[in-house]
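I opened my notebook to look up a few features, one at a time. Each entry starts from something I wanted to know.

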Amino acid sequence: MAVSNHDIKEQVKELIYNTCIHLDDHQWEAWHDSCADNFNYAIRAFSPEIQADIKYHGGDKGYMQSITSMLGKHNSDQSPLRRHCVVYRIDVAEDGKSATSISSLTVHQTQLDGNNSHVDAGTTSVFLVGRYNDKFVVDGDSVKFEDREVRLDTRRLDKGTHWPI
Amino acid sequence: MSSRNQTEWNSIPPNLQQGEWVDSQVYSDEAIFEDEMKNIWSKTWIPVCHESELKEAYAFRTMTIAREPVIVVRGKDMVVRAFLNVCPHRGNRIERRPSGNYKGGTPSGTPKTMTCMFHAWSFDMKGKCVNISRKEEGYQDRLCESEMGLRELKCEVYFGGFVWVSLNDDIGMTVEEFAGGSLDVLAPSLNEEPLEVFHYHKAIIPCNYKLWHDTNCEFYHDYLHYHNRITGFNDAYFARKNSGFDGGHINVGSFEVRYDNYEGSHSREELSFPHLPPNHWHMIDMFPGVNFNLRGSALRCDLMTPLGPNSVMIEFRGLGLASDSEKDRQTRIDHHNSIWGPFGRNLHEDLLAVTGQGNSMHPMAESRKILHGRHENETIHDENGMRHYYEEWGRLLDRSPSNPDEKFKPYPVFKQQAAQRAEAETADAAGK
């Protein structure tokens, strides 16, 4: 039996929200598992300074797997990031085999060791604001990410982060 | 002796000499910071943007130098000029946007003019005042446009298309003279064909600007970077020379980076900048706070804007060749950002480290002795780059870096370095 558009939209929504939990909790493998083999990831922003669209970060599934597997070898700000995401819109293709979505995104950072931990640890601030522009491949009951663009409004990222958003 | 009490902590190891440490006041003292604004940042050449950010006539970019608002515009004649971004009428900032183009006009102004929105005074791209609104009614014949031009600043486009500006009308030297030969090593690669900015982001970090410059000047901190250790640490890496040039500038010599050693990373050979051997990596650190960093396929440029003794804005640009195909450009961007973007492997680590220094050397902290004392035949982990910088810093401010309350003294270690530079120059000349 064909899956209805309504059911696909529910699956897409569930996938986006579950992925927020995976990313918040550094469950990188779970995130990679939710992505199709031809998955592509990019963090982008428009820079009014140089009047150009900029890709800050990204790559294919293999690349994202590589960099997340090596996080332990790097010195990183371990201040947790928490995503607040609201799915605004989901469009399912006529053939029911793909879908796209737009979600609003705010990421909060709660200081741990990035500044003076004695003073700042526990302080929460907005790390970035943007959108998830996602594409999905739908195969029966299975929905996977095919493409994720994190489109940032925030362009002053100060120390930045090693973690995917 | 293992750990130390306060007296011991504040004492200097007897075998180190002045010039091999700086007092941390240089990173935190408000009066020193004001001295730097007045006697260094207001006096010298500062690169402020790249000409590719001003491609068309009437394009502009805004920025600040030593807290002064600056605007850079490309005229109808395609010449790039710089002005104080300040209206001579009531001192308002004329242009508020970071960039744009005056071809289309503004809400208060006619096309092809810079117009102050406050009272609609207008200026052409050469800084000439072309309109004082209701002039006769208000000023009768006491004031005219020819007396109200913008303050023009010294401006040069030099070294691969970077736009350099100085607030100092009496600077008395070109950018080339200011560079003192420090840019020569990369000039063939950057001047061969036009470059284009493909990346821009900025960071405001709670540390003194010189701490960022120090980090760019010394590679001993590569212990911080897994990427650099795994792709770098070998005999050729440790043989890289750190060379000083007149004016406090330095170069870091090149070697072949083994990008393949980092999982997910690949050789950059196919997209090497002109005249650069495959996968080579050169660095130039210019006084007082500029960095040019060419890693094979991508050029990074850091421009610093000091905001206070314990705050600096760093603008990070990435550049490729203007002639790049879309595919090549994308590859260069990936090469650049994998290390140097805000989500890259190295930049985040560097910024974490200087944030930690800023935490420890804030304006109210006790002064500490910060060591710049490594000597390794002026190679990559020698700290001669920092010593060379602080010699120039001390000379310009007439303060001793090791004790900034005292007047500058040419410490013996500085004289030794000068002698080594002279010897190296003589050897180079003989080799040629």
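Which residue takes a positive phi in the hairpin of S3(B) and S4(B)? I found B:Ala66, with a phi near 50°. Two residues lie between the strands of this hairpin. I kept in mind that the model is predicted.

**Entry 1: around S3(B)**

I stayed with strand S3 of chain B, residues 59-65. I looked up its pairing with strand S4, residues 68-74 of chain B. The two strands are antiparallel, and six bridges pair them. I picked out one position: B:Thr62 stands opposite B:Ile71 in S4(B).

Then I looked for another partner. S3(B) is also joined to strand S6, residues 99-101 of chain B, by three bridges. These two strands run antiparallel as well. Here I noted that B:Ala59 has B:Asn101 of S6(B) as its bridge partner.

Why is S3(B) said to be largely enclosed by the rest of the structure? I checked burial, and six of its seven residues are buried, so the description holds.

**Entry 2: helix H1 of chain A**

I turned to H1(A), residues 5-24. Does its length agree or disagree with what I should expect? At 1.5 Å a residue, its 20 residues should span 28 Å. The end C-alpha atoms are 29 Å apart, which agrees.

Next I listed the buried residues of H1(A). They are A:Ile8, A:Val12, A:Leu15, A:Ile16, A:Thr19 and A:Leu23. I recalled the general rule: an α-helix has 3.6 residues a turn, so residues three or four places apart point the same way.

**Entry 3: where chains A and B touch**

I looked up the contact between the chains. Chain A gives 32 residues and chain B gives 30 residues. On the chain A side, strand S1 (35-47), strand S2 (52-60) and helix H3 (61-69) each give two or more residues. S2(A) has the largest share, with six residues. By class, I noted ten nonpolar, 14 polar and eight charged residues on this side.

I then followed S1(A) and S2(A) themselves. Eight bridges join them, and they run antiparallel. A:Asn40 has A:Asp60 of S2(A) as its bridge partner. Their hairpin has four residues between the strands, and A:Gln51 takes a positive phi near 55° there.

**Entry 4: the domains of chain B**

How is chain B divided? The domain assignment gives domain 1 (15-42 + 181-431) and domain 2 (49-158). Their C-alpha centres lie 34 Å apart. I found ten residues of domain 1 of chain B in contact with seven residues of domain 2.

On the domain 1 side, helix H2 (30-41), strand S12 (195-205) and strand S18 (311-321) of chain B each supply at least two residues. S12(B) has the largest share, three residues. By class, this side has six nonpolar, two polar and two charged residues.

Definitions and conventions
Residues are numbered from 1 along each chain as its sequence is written. Chains are lettered from A and ligands numbered from 1 in the order in which they are written. This is a predicted model: local features need pLDDT of at least 70, side-chain atom pairs count only at pLDDT 80 or more; totals for chains, interfaces and linings use all residues. The expected span of a helix is 1.5 Å times one less than its number of residues. A residue is buried if 20 or more other C-beta atoms lie within 10 Å of its own, exposed if 12 or fewer, and partly exposed in between; C-beta atoms are placed from the backbone. Two strands pair if DSSP finds at least two bridges between them. Two residues are in contact if their C-beta atoms, placed from the backbone, lie within 7 Å. Ala, Val, Leu, Ile, Met, Phe, Trp, Tyr, Cys and Pro count as nonpolar, Asp, Glu, Lys and Arg as charged, and the others, Gly among them, as polar. Domain bounds come from an automatic or database domain assignment.
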